[in-house]
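Please look through the sequence and the three-dimensional model shown below before reading on. The report that follows moves from a pair of helices to the sheet and then to a loop.

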Amino acid sequence: MECSLVSVLGILLVYPLFHNLVTISGQHIPAVGLFTFGDSSFDAGNKKFLTSASLPQNFWPYGKSRDDPKGKFSDGKIVPDFIAKFMGIPHDLPPALKPGADVSRGASFAVGSASILGSPKDSLTLNQQVRKFNQMISNWKMDYIQKSVFMISIGMEDYYNFTKNNPNAEVSAQQAFVTSVTNRLKSDINLLYSSGASKFVVQLLEPLGCLPIARQEFKTGNDCYEKLNDLAKQHNAKIGPMMNEMAVTKQDFQFTVFDFYNVILRRTQRNMNYRFSVTNISCCGVGSHNAYGCGLPNVHSKLCEYQRSYLYFDARHNTEKAQEAFAHLIFGADPNVIQPMNVRELIVYPVNEPMREFWEDPMEEKLSLVHDVDVDPSGSIYLV
């Protein structure tokens with residue numbers, strides 16, 4: 001039987017996809033650890049061990065998708081949980097502050113309300129988190145730490161509080177604040193490096209002005225609050241060059257940067273491409289954008305009927321569906337999303353070898369208009 005040209009082209013197009021599935025599913029990932037640092041986005045439940053106060057994230061509807069609130073700011077699992085699963089870690093990443101937690105394959109040191117320059121008493125700055133890691137460092141061998149992955153997501157609280165406290169800040173003041181934040185971030189990463197870490201993943205800030213809490217508090221309606229977005233962009237622009245410099249000056253320093261800003265921007269601009277019906281309003285809360293009170297016992301919060309159609313579960317945190325998609329992108333996507341390598345590549349990159357590729361400044365227009373696909377280890381296809 002003769003094959004039509006269309007059939008032949010179809011086979012040629014489909015073959016690479018299935019070829020990649022075989023390659024990915026058959027790839028062996030070394031059994032290394034995962035350590036996360038940052039704010040509420042990565043908090044695995046640490047905050048409840050720092051305060052006696054009743055925390056909303058410890059109660060329903062947090063954890064709704066699994067009927068099991070665990071102090072995480074989501075309706076279920078968060079990004080580090082999925083990354084841990086992809087790495088072959090047999091359980092969710094535990095909170096480091098939990099007594100008796102199994103930290104043999106790593107832990108979360110992130111705490112809700114954490115910032116870089118200063119945090120409330122019931123939280124920990126990034127520097128304090130790193131020092132807590134150093135207090136627990138005897139749990140792991142030094143060569144294990146060197147091979148493990150260190151993920152950082154922080155800065156939202158710094159810029160949000162700065163904007164609220166300085167609504168009319170001039171450009172020079174904004175630039176000076178961004179410089180102080182990123183300089184301290186660099187210092188804290190250096191502290192982790194001096195503790196033995198060598199493989200780093202830094203998540204850029206999302207469009208902070210597009211968070212439901214920003215839209216609600218600054219009364220922007222359907223628009224984002226661009227002052228906050230501008231601060232996030234200024235911060236993000238410094239991260240790649242900073243990491244490049246550290247990799248050049250430290251031979252065994254390896255890193256990658258996750259472009260969370262454009263990942264979120266694409267999902268807010270072309271939401272239906274990613275199967276999110278609502279991207280500007282929280283699933284849980286009250287107010288114009290449901291951005292207040294989720295989980296608080298004295299607040300009659302609204303709760304959406306189907307959280308998987310929402311990008312945000314509460315005022316500033318994503319639904320489990322979104323978090324799983326982000327984890328796939330971090331672990332296995334192409335340079336449109338994470339560069340100079342994805343986490344799967346970072347894990348298998350030989351320790352003590354200098355990096356051969358570095359972060360490159362992408363064209364913002366290209367990143368905000370073009371999307372691609374990623375095939376995760378289980379064979380599912382994810383839009384980036």
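## Two helices that cross

A crossing of two helices is called left-handed if the near helix is turned anticlockwise from the far one by less than a right angle, and right-handed if clockwise. Helices (H or I, at least four residues) and strands (E, at least two) are DSSP runs, numbered from the N terminus. This is a predicted model, in which local features need pLDDT of at least 70 and side-chain atom pairs count only at pLDDT 80 or more, while totals for chains, interfaces and linings use all residues. Residues are numbered from 1 along each chain as its sequence is written, and side-chain values use heavy atoms, with hydrogens and water left out.

With that in hand, helix α5 (residues 156–165) passes helix α6 (residues 171–194) in a right-handed crossing. Their axes come within 11 Å and cross at roughly 155 degrees, where axes are lines fitted to C-alpha atoms, for helices over the stretch in contact, and angles run from 0 to 180 degrees between N-to-C directions. That crossing makes α5 roughly antiparallel to α6, since angles under 35 degrees count as roughly parallel, over 145 as roughly antiparallel, 65 to 115 as roughly perpendicular and the rest as oblique. In contact terms (heavy atoms within 4.5 Å), Asp158, Tyr159 and Phe162 of α5 meet Ala173, Gln174, Phe177, Val178, Val181 and Thr182 of α6.

## The chain as a whole

The protein chain has 12 helices and 10 strands. Of its 384 residues, 56% count as buried; buried means under 20% relative accessible area, exposed over 50%, and partly exposed in between, with a 1.4 Å probe and protein chains only. Among contacts between residues at least 6 apart in sequence, 71% join residues at least 24 apart.

## The open sheet

Six strands form an open sheet in the order β2-β1-β3-β4-β5-β8, and the pairing is mixed. The edge strands are β2 and β8 (338–339), each of which pairs on one side only; two strands pair if DSSP finds at least two bridges between them.

Strand β1 (residues 34–38) is joined by three bridges to strand β2 (residues 106–108), and these two run parallel, with Leu34 standing opposite Gly106. Five bridges, again in the parallel sense, join β1 to strand β3 (residues 149–153). In β3, Phe150 is the bridge partner of Phe35, and Ile152 is the bridge partner of Phe37. Ile152 also stands opposite Val202 in β4, where β3 and β4 pair in the parallel sense over four bridges. Further along the order, strand β5 (residues 254–258) and β8 run antiparallel and are joined by two bridges, and Val257 stands opposite Gln339.

## Covered strands

Which residues of β1 are buried on each of its faces? Leu34, Thr36 and Gly38 are buried on one side, and Phe35 and Phe37 on the other. Five of the five residues of β3 are buried as well, so β3 is largely enclosed by the rest of the structure. In β3, Val149, Met151 and Ser153 lie on one side and Phe150 and Ile152 on the other.

## Helices around the sheet

β1, helix α2 (residues 79–86) and β2 make a right-handed β-α-β unit, a crossover being right-handed if, with the strands pointing away from the viewer, the path from the first strand over the helix to the second runs clockwise. After α2 comes Gly88, whose phi is positive, near 85 degrees.

Helix α3 (residues 126–135) lies across β1 and β3, running at about 150 degrees to β1. Helix α10 packs on the sheet, touching β3, β4 (199–203), β5 and β8, and its direction makes about 145 degrees with that of β5.

## An exposed arginine

Arg356 is found in the loop between α11 (343–348) and α12 (364–369). Is this residue buried or exposed? Arg356 counts as exposed because its relative accessibility is 61%. The C-alpha atoms of Arg356 and Ala247 are separated by 10.0 Å, although these residues are 109 apart along the chain.
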